[in-house]
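Hi,

I am passing a structure on to you, and my notes follow below it. Please have a look before you set anything up.

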Amino acid sequence: MRYKLTFVVGLALGYVLGTRAGRERYEQLKKSARQVAQNPAVRNTAESAAQQGREFAGKAYHVVSDKVGDRVPDSVAQRVRSLRERNTNGAAEDDWGTSDT
């Protein structure tokens, strides 16, 4: 019985210490990630990558639509049109909260 009690106390102590250390490390990682995300150089790079992705997607859409023609279902074509209109209006904000894309 004494060994079981010692084991349970050790297990509880290990759990408490482990969760406290784990939480502190989580908070450190979260703080570091926030600092990186708020860095202007990172934000500009991410935005330029997103812009290039949109340009490549637009080119790919035209190439595919030329080759596929009318075989694309209307629901898919309408969804693509609505997404393109939303991105070209300039009114929709991106993930970074800017509207100058």
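Which pattern does the protein follow when read along the sequence? The answer is α-α-α, with three helices and zero strands. Here helices (H or I, at least four residues) and strands (E, at least two) are DSSP runs, numbered from the N terminus.

Some ground rules first. This is a predicted model, in which local features need pLDDT of at least 70 and side-chain atom pairs count only at pLDDT 80 or more, while totals for chains, interfaces and linings use all residues. Residues are numbered from 1 along each chain as its sequence is written, and side-chain values use heavy atoms, with hydrogens and water left out.

On confidence: pLDDT is the predictor's confidence in each residue, from 0 to 100. The protein averages 78, and 81% of the residues score at least 70. Among the elements, α2 has the highest mean (86) and α3 the lowest (76). Where pLDDT is low, the predicted coordinates should not be read in detail.

Now the surface. The accessible area of the protein is about 8800 Å², and carbon and sulfur atoms account for 58% of that (Shrake-Rupley method, 1.4 Å probe; for residues, only the protein chains shown count as cover). Of its 101 residues, 4% count as buried; buried means under 20% relative accessible area, exposed over 50%, and partly exposed in between.

Helix α1 covers residues 2–38 and includes Leu11. Leu11 is exposed at 54% relative accessibility.

Helix α2 (residues 40–68) has 29 residues and should span 42 Å at 1.5 Å a residue; its end C-alpha atoms are 41 Å apart, which agrees. The expected span is 1.5 Å times one less than the number of residues. Asn39 caps the N-terminal end of α2, with a side-chain oxygen 3.0 Å from the backbone nitrogen of Ala41.

How many salt bridges does a search of the whole structure find? It finds one, where a salt bridge is a side-chain nitrogen of Lys or Arg within 4 Å of a carboxyl oxygen of Asp or Glu. The partners are Arg54 and Glu47, at 3.0 Å from N to O. Arg54 is partly exposed at 31%, whereas Glu47 counts as buried at 17%.

Finally, Val80 belongs to helix α3 (residues 74–89) and is partly exposed, with a relative accessible area of 25%. Its C-alpha atom is 10.0 Å from that of Gly58, 22 residues apart along the chain.

Best wishes

Methods
Buried means under 20% relative accessible area, exposed over 50%, partly exposed in between (1.4 Å probe, protein chains only). A polar contact is a pair of N or O atoms within 3.5 Å; within protein, one must be able to donate a hydrogen and the other to accept it, and residues adjacent in sequence count only if both atoms are side-chain atoms.
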